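Here's a quick briefing on the fold and its aromatic residues. Have the sequence and the model open side by side.

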Amino acid sequence: MSSSLSENFKNYLITTGSSKITIKNYLADLNHFVNWFFKEESEITPSGTVYPQDKIQTSDPFLEFSQNLAKITPSDISDFQNYLFGRNASASTVRRHLY
């Protein structure tokens, strides 16, 4: 894969006419989820096939993440939502992160 998930997502947002601030925020949201996902997976399955954040196998964590997209479950999304609310995120912030 020559282009990372973040670049593909950024290009998609550009083609849909998203503003620069929207693109910046959505990429930050994606980065937040990627980092949470690797940390969460490392706590749940330390020897699993999804690598902990400090043991990412490539120089591009988004590439590593994109190779594991099929492993994301509805429970992961619910856990991330609970994590955000646990950090006192507002409902609108949680919606932006998830939708």
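Rings of Phe, Tyr and Trp (its six-membered ring) count as a pair if their centres lie within 6.5 Å; planes under 30 degrees apart are stacked, over 60 edge-to-face, and the rest tilted. Keep in mind that this is a predicted model: local features need pLDDT of at least 70, side-chain atom pairs count only at pLDDT 80 or more, and totals for chains, interfaces and linings use all residues. Residues are numbered from 1 along each chain as its sequence is written, and side-chain values use heavy atoms, with hydrogens and water left out.

**Aromatic residues**
- Phe33, Trp36, Phe37, Phe80 and Tyr83 sit together in one aromatic cluster.
- The pair rule gives six aromatic pairs.
- One of them joins tryptophan 36 and phenylalanine 80, a tilted pair at 5.1 Å centre to centre with 55° between the planes.
- Tryptophan 36 belongs to helix H2 (residues 20-44) and phenylalanine 80 to helix H4 (residues 74-86), so this pair ties together parts 44 residues apart in sequence.
- Both partners are buried (under 20% relative accessible area; over 50% is exposed, in between partly exposed; 1.4 Å probe, protein chains only): tryptophan 36 is at 6% and phenylalanine 80 at 0%.

**Overall fold**
- The protein has five helices and zero strands, taken as DSSP runs (helices H or I, at least four residues; strands E, at least two) numbered from the N terminus.
- Of the protein's 99 residues, 28% count as buried.
- Among contacts (heavy atoms within 4.5 Å) between residues at least 6 apart in sequence, 49% join residues at least 24 apart.
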